[in-house]
Every structure is written in C-alpha cells, then in structure tokens.
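User: I have a chain open here and would like a quick tour. Can we go through it piece by piece?

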Amino acid sequence: MKTLYKFLIAGCLLTTIAGCKKNWLERTPQTIILEDQVWNDPKQILGLLANYYDRLPTDMGVDGNWRNMADYDDAMWSGYTGEDGRNNIISYAYSRWAYWDYTLIRDINLALESIEKYSVKLTDVQKKQFSGELRFIRAYVYFELVKRMGGVPLVTKQLIYDFSGDPSSLQQPRVKESDIYDFISSEMDAIREDLKNVDDKGTPSNSRANKFTALALKSRALLYAASIAKYNNLMASPISLPGGEVGIPASKATEYYTKSLEASKEIITSGAFALYKGNPANLGENFYEAVVRKSSNKEAIFVRDFLSAKNKRHAFSYDNIPLGIREDNLSSSCITPSLNLVESYEYLDGSNGALKTNLPDNSDFIYYNSPEDIFANKDARLYGTVILPGTSFKGRSVQIQAGVMKWNGTAYQTIEGSQLGATYSPPAFPDGDGKLLTGSSGPHRSIQEVTNSGFYLRKFVDAGAGTSTRGILSDTWWVWFRLGEIYLNAAEAAFELDQKVDAATWISALRERAGFAPNSVTSATITMDRIRNERRVELAFEDHRVWDLKRWRIADQVWNGQPNNPNATVYALYPYRIIRPGDAARDGKYVFVKLTAPRFRAPRFFQLGNYYSAIDQGIINNNPKIVRNPFH
C-alpha cells in the first residue's frame, strides 16, 4: 500500500511539473512586444508612424536646424557671436545639404513587409491606410534625397545579409535622377485613394498623409524635375553624369510640368482648402495668421505640429523674439531678415520694392514723420513676415532706431549709442534733448542678440503670452505644404506650358490677398522673374529659396561670391532721428541709411559643385557601385 501511495504522489508531482513547464515556456513576455502584437494593434502602428513622420528632414524649421535661415540672403545671424560664422561663409561646403538616410528607408521597408506578413486582424482599409502612409513617407524621403544628391539607390525591399562574406548583393547602384522623380509620382498615384485621413466632417488631416498631401508632394516634386530638365540643359555646360544619376533630359520637361500642374489643379479645385482670409481688416496680420494659425485655417495642407498639452514644444520664439520685448533674460534676435528680402516686396502700385531713402537727385534724405512710414503701401506679406521699425509684436512696440543725426550747420553728425535704450541726454551729450538715442531693440553694429540688419522675424514667431520664455516655449507648427505654394506651383507650371492666363490668375489671387488690386498681373505682364519673386516673398523662411535657386540653375549667379554683387551681400537699414532745431520740415523726423550689415563678412558663394551634394567617402567605401557627383 505504501508503495502505491509513493507512485501516486510521484505521478502527481510529475504531472504538476510538466504542466508548470508548459505554462512557463508559453507565457507572454513582459518586456518584449512581439511582431504580431505590434502589427495588429492600430495604436502601436500609429506610434511607429509618428516616429517616422518626425524623422522627415528639412533644411530649416522651427526646431533643430532653424539656424540655417541665417545662411542665405533673406536673413543673417544676429544672435550669439559664437555663431558669426554664418555671416562669414566663404563658400558653401560641397557636403552641405548632404542626406543619405537609408536607416529610415530600411525601417519603412521593414514596416511595409511586416504589415503584409503579420497584420491579420486589421481590416483591408486599415492595412491600405497604414501602408499608404508608409509609402508616402518613403516617397518624401526619396524626394529629399534626390533634390540634394541626384539619383540614389532605389531600395524598396529589405536588404538582408546572408553572412556569406560577400556583401555585393547589398551594394545597389544609383539610379537615374529622373527614375527617382518617376518613382515618387507613381507612388503618389498608387496610394492617394488609400489615404483616408479625414474627420467626420470630411476635413483632411493636416498632420497625417491623405489624398491631398500625396498630390502636394507630386505637385512640388515634378515641378522640381521639370525645372531641372529645362534649366540644367540651358546651362553652358549642363551638369550630368553618363549614367543619368544627375541631369534629366530636356525632352521630359513638358511631361513633368504637365503632371505637376494637374496635381496642383486637383488640389485647388477640390474645395478642401482655401487661402486664409480670416482677418480682412489687417492684411499683414492676415498673412501672418495664414502661416501660424492652427484653428479655422484651411490653407495648411501638411504640417509638422507641436502641442503644449503633450509637452511637444520648441524654442524658436525664445531664440528669435526681438530683444526689446523678450520675456526671458537670455537669448533673442538670432534670425534677422535682410534689407534684400524687405526690398523684394513690391509697392501696391506694382512698382519696384526698393525703399525710398533719398531724393531722386540724391541731394538730401527723404524725411518721414514716423519710422513705419517708409513702408507704407507695401505688399502686406512684408508685415506678416518681418517686424519692421515702428511696428509692434505681442501688443508691444518694437523700438528700432540706430541713433540720431544732428545738423551742425553744414552737414549731419551721426551719433549712435553704445547702450540699447539709451537717451540723447546729458552728461554724455551736454546739449541732448532727452529723447531716444538708440532703440531698446537696436539696431546695433556689434552687440550680440540684437538686430544687426534693422529688422526682426515675425513669421513663425509665436505671438502668444509667455511663448518666448524657457518655461513655456511655443507650439507653433512648421508648414510643409500650404495652398499658397500650390497656387505658385500651378502658376509656374502653367507659365512654362504657355498657359499664361491661368498663371496670371493664380499669381494675382495671392497678390490680391496681400492688398494688390484684382488682376494685378495679366498674361501680358507675367514673366518668369515675377513668378520667382512671388515665390520669394510668399514663401520666405518656409524652406524654399535655396531649393528654388538650385532647380532654376541660377544659385551660382545669384550668390557668386563677388562683393560688388548686391544679391550676394546681406544689407541692413538703419533708422535715425533728426535733430535740426529751427527746421520744422526736418527736425524730429526720421531718415534711413542703407548699408552692408556690419556683422556680415563674406558674400554668399554657391559653386557649381553645390548643385548636387558630395557623397560621403564612407558610403563609397562600403559600396563601390556608387559614383561620385560632378566636381567632387
């Protein structure tokens, strides 16, 4: 009997142990998320997508690389003097704008294959939606690659090493530059109807890809391809490689312009978007709101959003608020617009935008009653982009005055203060009148973190209370695509296709919003130079100018490194108060002096080798099939 009990007990123990062992081996890991868990959970897939959206590159933005705004001709660096190298770029490095993010390409390819393999619990609509978004992001990355590097390896599947010791299967050659643009176009056509990111009212999301985001990418990318096809081949020596890795045949220009125009027109006529006109009483503020306003704004098509409630904020306003009205005790005034940009905004009568500082015969200054008067009757987009002398921001006056000019009987003596906000008073100035000498926001020739150009940036700087403090920061968004650009894309493509009536109509619509009369541009007056200037003033600081100059193949002419070239040098405008007692027509008035910005040291120099960025030697070492770009 005792023996029988022993067998029963042993049997029970073995059964229990066997059961425990089975459960232990099959238990769900507590620290690892399995493939079928990720790819069947819409929230986790969305989390991955958010990561990939966040990794999309820009040359400039409101977080990260916003300092690049100071590196061209629309602005200069007036911040911390340790970064004055931005005002002294002898020549742009060949590696500038280089981009080779095949880690992100690999992550996207892996995600696409995983959805196909593991996502058995998602509906077909969900699978198409997520796959479409991944393909949009991949196409956007390829657009960033091709516009910087030319044709690159087109990798749309995972490349898996077989540990054979031979890596040649992983070494993909560059494809033709046109192949990448064709890929972007075909991808957008393939996925556009799968992207269902609209709310209950049918409003498209502006932070996730949808049909119109796909069309916007196609509109921009094919406009770039068309421009390169046309203008590269008009160069004395077109930039090309034998395999077509850079350079696009001129014969493809019409096809690309046509497809770009079709995509733009579909967005414009959809009714899903509209030019922002929420503040008709103040067209300058209206334009500012068109870019930064996050509610009731149907102009934004695709943005990189920030949200204070989720603690996703940035310090762009902290670093760029005018010094005289800053809300923190550190940093301000880094990106300051140039006189070059300010003068590119026309007067509302259509005349040249050069500011009138002197009489036509140069015998005397023009005297203005107040600092802002010199900007009267200018394109309202100027006010929406730049904080001008005599204007305000955050409800506070931005005091911009370089000094005073005192009449000595035969000539003016220019007096500038060594301190900001100083008055023209005794004892430093025994005969001083006690009024303002130098504005609390400058300009100043040498003090850091105060404008050196005479202007401050308004676009993208947050007007909300406390948003330029380190404790609060800002959540203004970065605009990747907005309807204003699509109008310009349509106008340029139509012009190139000799559809000048349509081109003039779209340009005039943007100008009318800025205060110009209806039909201020006609088919008889529209020119390519006008279209190019409209892009400059409408899209300033939105990461377009350098790419536009490159695709038109004029960057090496505009920024030719010559000190006597007014386009290559950054200029400033300094306002002065006049002291001339007894002369009522002049005393107490304001005059303006144009000058090379004092902290600006070297004219911009864009070389032929900058049209396509250098490929890093490490990449070539790892993949001998990669050919170098011209001039490198």
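User: What share of the 632 residues of the chain count as buried?
Analyst: 54% of them count as buried. Buried means under 20% relative accessible area, exposed means over 50%, and partly exposed is in between, with a 1.4 Å probe and protein chains only. This is a predicted model: local features need pLDDT of at least 70, side-chain atom pairs count only at pLDDT 80 or more, and totals for chains, interfaces and linings use all residues. Residues are numbered from 1 along each chain as its sequence is written, and side-chain values use heavy atoms, leaving out hydrogens and water.

User: How many helices and strands does the chain have?
Analyst: 18 helices and 12 strands. These are DSSP runs, numbered from the N terminus: helices are H or I with at least four residues, strands are E with at least two. The C-alpha atoms fill a box of roughly 130 × 70 × 50 Å along the principal axes.

User: Which annotation covers residues 298–631?
Analyst: UniProt has "domain: RagB/SusD" there, from an unreviewed entry. Such annotations may be inferred rather than shown by experiment. In the model, that span is 22% helix and 14% strand. Its end C-alpha atoms lie 44 Å apart.

User: Switching to helices. At what angle do α7 and α13 pack?
Analyst: About 35°, with the axes 10 Å apart. Axes are lines fitted to C-alpha atoms over the stretch in contact, and angles run from 0 to 180 degrees between N-to-C directions. Helix α7 is residues 211–231 and helix α13 is residues 483–496.

User: Which residues of α7 and α13 meet?
Analyst: From α7, they include R220, L223 and K230; from α13, they include E485, I486 and E492. Contact means heavy atoms within 4.5 Å. By class, 5 residues are nonpolar, 3 polar and 5 charged.

User: Now S331. Where is the place of S331?
Analyst: S331 sits in the loop between α10 (316–320) and β3 (335–337). S331 counts as buried because its relative accessible area is 10%.

User: What is S331 in contact with, beyond its neighbours within four places in sequence?
Analyst: Y318, D319, R326 and E449. The side chains of S331 and D319 also make a polar contact of 2.5 Å. A polar contact is a pair of N or O atoms within 3.5 Å; within protein, one must be able to donate a hydrogen and the other to accept it, and residues adjacent in sequence count only if both atoms are side-chain atoms.

User: And S370, buried or exposed?
Analyst: Buried, because its relative accessible area is 17%. S370 lies in the loop between α11 (339–343) and α12 (380–385). Its side chain makes a polar contact with the side chain of D373, at 2.9 Å.

Notes
Nonpolar A, V, L, I, M, F, W, Y, C, P; charged D, E, K, R; others polar.
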